[in-house]
Amino acid sequence: MDEQIRAIMAEVLRLPAERVGADAAIGTVPNWDSTAHMRMMIALEDAFGIDLDESRMVEMTSFSRIRDTVHQLRAG
């Protein structure tokens with residue numbers, strides 16, 4: 001699942017997947033602005049069949065937070 005998340009992030013951010021490391025976060029990754037963030041959230045919802053409310057989206061500001069949230073929603 002981590003590689004799928006990384007691939008989605010890379011596609012939305014228009015970066016090679018290897019540039020999206022475990023420490024990737026808003027402010028440290030080129031192209032990760034508010035518009036890209038919303039596109040990423042929609043892509044994650046579609047790919048994993050999850051629903052993200054606004055409060056979750058606001059908190060999902062790094063690869064690790066995105067991964068943890070997706071894992072949590074998929075398990076629940």
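**View 1. The buried residues of helix H2.** Ala36, His37, Met40, Met41, Leu44, Glu45 and Phe48 are the buried residues of H2. Buried means under 20% relative accessible area, exposed means over 50%, and partly exposed lies in between, with a 1.4 Å probe and protein chains only. Helices (H or I, at least four residues) are DSSP runs, numbered from the N terminus. The buried residues of H2 pack against H1, helix H3 (54-59) and H4. The expected span of a helix is 1.5 Å times one less than its number of residues.

The model is predicted: local features need pLDDT of at least 70, side-chain atom pairs count only at pLDDT 80 or more, and totals for chains, interfaces and linings use all residues. Residues are numbered from 1 along each chain as its sequence is written, and side-chain values use heavy atoms, with hydrogens and water left out.

**View 2. The largest nonpolar core.** This core has 23 residues, and those with the most contacts inside it are Ile5, Met9, Met40, Met41, Leu44 and Ile66. Helix H1 (2-13), helix H2 (34-48) and helix H4 (63-75) each supply at least two of its residues. H1 gives the most, with 6 residues. A nonpolar core is a set of buried Ala, Val, Leu, Ile, Met, Phe, Trp, Tyr and Cys residues joined through side-chain atoms within 4.5 Å. Apart from its neighbours within four places in sequence, Met40 is in contact (heavy atoms within 4.5 Å) with Ile8, Met9, Val12, Leu13, Trp32 and Ile66.

**View 3. Helix H1 and its residue Ile8.** H1 has 12 residues and reaches 16 Å from its first C-alpha to its last, close to the 16 Å expected at 1.5 Å a residue. Its buried residues are Ile5, Arg6, Ile8, Met9, Ala10, Val12 and Leu13, and what covers them includes H2 and H4. Ile8 counts as buried because its relative accessibility is 11%. Leaving aside neighbours within four places in sequence, Ile8 is in contact with Met40, Ala43, Leu44, Ala47 and Phe48.

**View 4. The crossing of H1 and H2.** The axes of these helices come within 9 Å and cross at roughly 145°. Axes are lines fitted to C-alpha atoms, for helices over the stretch in contact, and angles run from 0 to 180 degrees between N-to-C directions. The crossing of H1 and H2 is right-handed; a crossing is right-handed if the near helix is turned clockwise from the far one by less than a right angle, and left-handed if anticlockwise. From H1, Gln4, Ile5, Ile8, Met9, Val12 and Leu13 meet Ala36, Arg39, Met40, Ala43, Leu44, Ala47 and Phe48 of H2.

**View 5. The crossing of H2 and H4.** Here the axes come within 12 Å and cross at roughly 35°, and the crossing is right-handed. Met40, Met41, Leu44 and Phe48 in H2 meet Ile66, Val70 and Arg74 in H4.

**View 6. Two residues in the loop between H1 and H2.** Most residues other than glycine have a negative phi. Arg14, although not a glycine, has a positive phi of about 55°, and its place is in the loop between H1 and H2. Arg14 is exposed, with a relative accessible area of 69%. Asn31 lies in the loop between H1 and H2 and has a positive phi of about 75° although it is not a glycine. Asn31 is partly exposed, with a relative accessible area of 46%.
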